[in-house]
Amino acid sequence: MSFVDTLRQWDEAVSCVDKEDLSEAFRIFLSIQEPNSKICFDIGCLHLLKQDLDAAEKAFDCSIRKDEHLAVAFFQRGITFYKKQRQETLLGDFQHAFKALRGNQLIDYKALGLRYKLYACDVLHNMALAEAQLSNWEKAQENLVKALNYKTEFKLNIIDKALQSTLKQKLFKLVEFPSKELFKPNKTYVAELEKKDYLGKAKVVASVVPQDEFSGFAPLQPQVSFCPHRALEGEPHTVLFEFVPETSDELAVVPGNIVFVLHKGADNWASVIFNARRGLVPYNYLERLEISLASKQNEETRKPLTTLEPPTRPERKQGKENLSFQLWQDAQPTDNSYIVKVCFTFNFVVSVPPGSSYTTLVEKISKKLNRPFSAITLSLTSETDEQSVININSDMERVWSHIKDRHITLWCKTKEQTDEKTREITLVATHSYESSNPEDLTFHQGDTIRLLSRVNQDWLEGQCNGNTGIFPASFVEEVPVNG
């Protein structure tokens with residue numbers, strides 16, 4: 001099914017919901033052959049509306065598999081588990097939703113087509129209710145007190161009532177997602193479904209792109225301020241077909257765009273740079289651009305971009321986490337080795353034989369970091385407490401029990417990080433940066449930014465004006481420390 005057909009059916013299904021025709025909406029939604037994460041979320045919401053909890057759980061499972069960073073999907077699945085009285089699992093989903101907020105007060109999904117704001121205080125409220133159902137009243141109170149730090153004025157009364165209930169060891173009401181609120185397709189794309197030819201066939205008179213015969217219209221792309229120290233890298237390619245991203249690490253492009261390919265994966269996905277942004281695009285949507293004078297013969301044999309049929313979307317490899325703008329550097333093993341993602345100041349991957357010892361695991365990581373064996377501390381979570389830390393005395397069978405589809409994520413700290421507090425690095429924006437994705441950080445020239453981590457050599461994660469996100473490293477410079 002083409003993207004246009006999917007978009008048209010998605011729009012028709014949402015319109016049926018607006019008209020209270022839920023049966024027809026279900027029929028259209030379920031006929032979509034390759035639903036994206038947002039469509040799966042919509043299907044789950046409709047099942048939840050009909051109190052079909054098992055079907056709702058499966059739909060939200062599908063939504064999360066397709067986009068592991070969709071916090072509202074975790075929130076809705078947690079509500080589904082609450083209605084199924086599965087207290088042992090609903091707490092985990094609310095914790096995942098809170099983690100996806102990344103310290104922000106809320107996530108506004110309006111830009112993604114959903115008229116809903118997921119508040120951190122609502123997620124913590126439901127986490128407290130889950131703890132209360134397990135009779136963990138102290139933890140419930142801790143979550144509600146924490147929610148006060150993220151509250152807004154109109155949410156204060158709800159949190160206060162919940163706190164009073166926990167003091168009396170009584171349960172309180174769940175904060176629910178509003179019924180019939182669904183993700184809707186982009187209005188711009190919907191408007192383009194029925195194209196009208198007002199001007200007739202245009203002819204290319206002059207172009208900066210060699211052999212350019214594209215004469216259609218493309219939507220405006222966000223412009224990036226000129227950055228004098230930014231250098232072009234990668235191999236130039238022309239975009240042949242429109243591509244609309246389904247996950248946060250994919251990049252939107254239209255025919256005629258020029259992108260620079262940094263790496264082509266075995267699964268036919270390419271890591272590219274376009275308009276100062278890095279992301280993934282199907283390689284079969286691209287054509288290598290030769291920077292040379294074109295012969296008349298090439299001009300005659302080359303097909304116009306608008307006459308080509310778009311190829312099918314390549315399958316993303318399953319079992320790997322969606323690392324934003326980060327490719328797996330190690331080759332996929334042909335045996336049954338475990339794939340270990342290591343979260344350090346940057347992320348990297350190593351492979352080890354199944355059931356490896358602690359020594360084998362640390363030796364691999366030691367070589368990768370070029371650090372001595374004794375300087376490395378591993379843990380199962382970002383917090384290195386007694387339960388999560390891994391050392392020579394750890395039960396490795398317990399560690400490997402966290403494996404899922406031969407993949408596991410571990411956290412790593414080195415001796416210099418654990419012996420003394422890491423120096424806080426402050427950056428100053430040399431250029432303004434306007435985000436076009438929800439995970440990006442917007443700032444203006446002259447703003448100060450607190451560095452949180454280095455994603456890779458080109459992208460950083462930081463905090464500015466109370467918001468957290470990623471941004472290009474070339475747009476900032478480090479503030480020197482006095483003394």
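Strand pairing

Me: Which residue in β16 is the bridge partner of L460?
Reply: This is a predicted model, where local features need pLDDT of at least 70, side-chain atom pairs count only at pLDDT 80 or more, and totals for chains, interfaces and linings use all residues. Residues are numbered from 1 along each chain as its sequence is written, and side-chain values use heavy atoms, with hydrogens and water left out. Strands (E, at least two residues) and helices (H or I, at least four) are DSSP runs numbered from the N terminus. Strands β15 and β16 (residues 467-472) run antiparallel and are joined by 6 bridges, and in β16 the partner of L460 is F471.

Me: Which residue stands opposite R450 in β15?
Reply: Two strands pair if DSSP finds at least two bridges between them. Strand β14 (residues 448-454) pairs with β15 in the antiparallel sense over 4 bridges. The residue of β15 opposite R450 is Q463.

Me: Why is strand β15 largely enclosed by the rest of the structure?
Reply: Buried means under 20% relative accessible area, exposed means over 50%, and partly exposed lies in between (1.4 Å probe, protein chains only). Strand β15 covers residues 459-464 and is largely enclosed because the number of its 6 residues that are buried is 5.

A charged residue and a histidine

Me: How far from D67 is the nearest side chain of opposite charge?
Reply: D67 is in the loop between α4 (53-66) and α5 (71-83). Lys and Arg count as positive and Asp and Glu as negative, while His and the chain ends are not counted. A salt bridge is a side-chain nitrogen of Lys or Arg within 4 Å of a carboxyl oxygen of Asp or Glu. D67 is buried and has no salt bridge, and the nearest side chain of opposite charge, K38, is at 7.5 Å.

Me: Is H96 buried or partly exposed?
Reply: H96 is in helix α6 (residues 87-100). Its relative accessibility is 43%, so H96 counts as partly exposed.

The nonpolar cores

Me: Which residues touch the most other members of the largest nonpolar core?
Reply: A nonpolar core is a set of buried Ala, Val, Leu, Ile, Met, Phe, Trp, Tyr and Cys residues joined through side-chain atoms within 4.5 Å. The largest one has 63 residues, and those touching the most other members are F29, F41, V72 and V123.

Me: Which helix gives the largest share of this core?
Reply: The largest core has 63 residues. The largest share, 9 residues, comes from the helix at residues 120-133, α7.
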